[in-house]
Every structure is written in structure tokens, then in C-alpha cells.
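Opening the notebook on a new model today.

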Amino acid sequence: ALDTMIIMGFEAEAARTKKYILDNLSFDKDIYVQNFEITIRLLGGLLSAYQLTGDRRLLSLAEDLGNRLLPVFNSPTGLPYRYVNLRTGKTRGEVTNPAETGTLLIEFGTLSKLTRKPIFYEKAKRALVETYLRRSPLGLVGTKVNVETGKWTNTDSHISAEIDSYYEYLLKCWLLFNDQDCKKMWQESIRAVNQHLADNRKGSPRELWYGHSDMNTGKRTATMYGALDAFFPAVLALSGDLDRAARLQTSSFTMWNKHGIEPEEFDYTKMEVVSAGYPLRPEIVESAYYLYHYTKDPRYLRMGESLFRDFVKHCRTDEGYAALKSVVTKEKADS
């Protein structure tokens with residue numbers, strides 16, 4: 001949260017929070033952490049905070065964490081294990097997914113640039129490349145892969161949980177680092193995604209969804225879209241494909257408006273909720289922001305206002321904002 005406080009001008013809170021982090025944060029702990037989650041949240045947070053403040057103690061913490069995470073890459077394939085012990089360096093979790101193997105290079109690459117130590121970039125980039133090299137002849141990746149054998153254990157392909165941010169990072173690592181390998185991998189991958197996962201609904205040329213297909217055959221396996229898939233319009237917009245981005249954002253908003261707030265999973269052929277929970281996902285909001293940024297179309301501002309009003313209406317409590325057990329009944333979770 002520290003970088004957010006700094007960007008929003010909450011100077012007293014930012015100063016207090018930075019002091020708290022520097023006084024208390026230590027990674028010398030005998031615990032297993034999930035490499036992907038700790039990379040995007042803690043490592044990313046420390047790097048952003050360092051870039052915004054210039055306080056080298058934050059960079060030192062980031063480098064210490066980066067070094068403690070490096071053992072995850074010591075697999076026969078270079079694909080990272082899911083968990084590592086921060087003190088002992090022991091790893092576990094050999095079955096992982098493209099999101100966890102391919103969503104590391106922005107943070108590890110930035111750590112490399114700031115510390116001038118190439119090992120972080122090299123390890124994370126190899127993991128991204130090894131994931132890409134295991135794509136099917138159609139150009140798709142599956143949901144689960146074994147880091148020791150390099151074999152897929154689940155061949156379902158989609159843009160949802162366990163794959164989603166793999167695509168996001170291919171694009172962003174090309175743009176952030178001007179990495180031409182990432183550019184090539186993004187261009188090949190988005191072609192396959194648009195060909196085999198995109199679902200233009202019959203009878204509505206403007207309607208667009210992305211569903212599930214088998215990575216090897218391209219056969220449609222599910223007509224499912226959800227709160228996590230709603231990140232994709234932002235990625236399409238960032239890549240310059242504003243037409244698809246706008247159409248898909250319309251679909252995401254349709255899913256949201258079905259019950260006044262989006263479900264975790266939605267069957268877009270039946271227009272029915274499949275998984276009714278709402279754990280406060282931000283993806284659809286970010287996509288609305290990206291589309292407004294690139295088009296300046298005021299309907300995306302109105303969409304953002306609508307998302308915010310619904311969120312406050314259904315999730316606000318005296319203590320904070322609650323997740324919903326069900327977007328249909330609007331029952332809150334103690335979470």
C-alpha cells in the first residue's frame with residue numbers, strides 16, 4: 001500500500017508506513033512462501049516504494065527478498081517451484097501453472113536494473129521462455145505444468161485464473177524492457193488466443209467473450225468468463241487493439257450488470273452465474289480505466305462511476321469493504 005499512499009499524496013501516512021516497514025520487516029524467517037504471490041505483492045511493493053522515494057534501504061530489502069526467492073528456479077526445466085522457505089531455501093510444489101511461472105519478470109527484471117545484477121532478469125526470463133516453449137502446435141498453453149518433467153498435467157486453455165497474467169507479462173515485459181523476445185512471444189500468443197479462445201456470439205457481431213478450449217485441439221471446453229478474465233480488455237487496449245478491448249469490456253459490464261456486481265464465474269451462453277462469490281476483484285475497474293485513458297470516451301468514466309456506486313452499495317460495512325458470498329443474494333462474507 002505504500003506506493004499508493006505516496007502517489008495519492010498521503011504524506012503523513014506514507015512516512016509512518018515507510019518507517020514501520022523499515023523498523024519491522026525481515027525476511028529471515030523459517031516459513032514457506034508462495035513465490036508468485038510474494039513477488040507481485042512484496043517485491044513489487046518494495047521496488048515501487050524505492051523508485052518513488054529513493055530510499056536505498058527499501059532496495060536493500062527488495063534485493064534480500066529477491067535472493068531468498070532465487071532457489072525456486074533450481075528445477076530441471078528452469079520453471080520455478082511454487083514455494084520456497086525464506087531461511088533454508090528449500091522448495092516444494094512441482095505442479096504449477098503459467099501465471100506462476102510467467103508473472104515474475106517485471107519485478108525480477110526491475111530488481112536487476114536497479115541493482116545491476118543480471119541474475120534476477122535471467123532467471124525470470126528463462127521461466128517465461130520455458131513456459132512459452134511448451135505451448136501447443138496451436139500456440140496455446142494449458143492450466144497446469146510439472147516443473148520437473150516439463151509436461152502439462154491439465155491441458156485446458158483460457159485467459160482466466162492460473163494463466164491470465166502470463167499473457168499480461170509477455171506484453172508488459174516487451175514494453176517495459178524493450179525485450180524483443182517478449183515482443184515475439186506476445187505477438188504469437190495473442191494470435192493464438194484470438195483465434196482459439198475468442199468467442200464471437202452468433203447473432204451479435206459486436207458481442208465478444210473469451211472461453212475455454214483444449215490447448216491441443218482447439219475444441220471448446222467451456223463457455224465460461226469471469227471476474228479475473230475481466231483484466232483482458234486492459235491488456236488488449238495497451239497492445240493497441242482498441243476494437244476488441246471495447247467489445248470485451250462491454251461483455252464484462254454486461255456480466256456485472258446481470259446482478260449489479262460481478263460473479264467469480266459466468267456462463268455467457270446461458271447468461272447465468274456459475275460461481276457466485278465476489279472477493280473484491282479490481283480487474284474490470286482497471287480495464288475501464290485503460291479504455292478511458294486511450295479513448296477519452298466519457299462512457300468509461302460513467303462505467304467507472306457505476307462500478308464504484310455498486311461496490312459501495314453492496315460491499316460497504318462499518319469496518320471496511322466485505323467480500324460477497326453471493327452476488328445473487330448479496331450476502332456478505334466476514335472477509
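My entries on those topics follow.

Ground rules: this is a predicted model, so I take local features at pLDDT of at least 70 and side-chain atom pairs only at pLDDT 80 or more, while totals for chains, interfaces and linings use all residues. Residues count from 1 along each chain as its sequence is written, and side-chain values use heavy atoms, with hydrogens and water left out.

**Core.** I looked up the largest nonpolar core and found 90 residues (buried Ala, Val, Leu, Ile, Met, Phe, Trp, Tyr and Cys joined through side-chain atoms within 4.5 Å; buried is under 20% relative accessible area, exposed over 50%, partly exposed in between, with a 1.4 Å probe and protein chains only). Phe 108, Tyr 167, Tyr 210 and Phe 232 have the most contacts inside it. Helix H8 (residues 164-177) gives the largest share of this core, seven residues. Helices are DSSP runs of H or I with at least four residues, strands are E runs of at least two, numbered from the N terminus.

**Phe 232.** Which residues does Phe 232 contact, leaving aside neighbours within four places in sequence? I get Ile 159, Tyr 167, Ile 190, Val 193, Tyr 210, Leu 248 and Ser 287, with contact meaning heavy atoms within 4.5 Å.

**Sheet.** I found an open sheet of three strands, ordered S1-S2-S3 and paired antiparallel (pairing needs at least two DSSP bridges between two strands). S1 (32-34) and S3 (91-92) are edge strands, each with a single partner, so one side of each has no neighbour in the sheet. Two bridges join S2 (residues 83-85) to S3, and Val 84 has Thr 91 as its bridge partner there.

**Ile 7.** I placed Ile 7 in helix H1 (residues 2-7), and Ile 7 is exposed at 65% relative accessible area.
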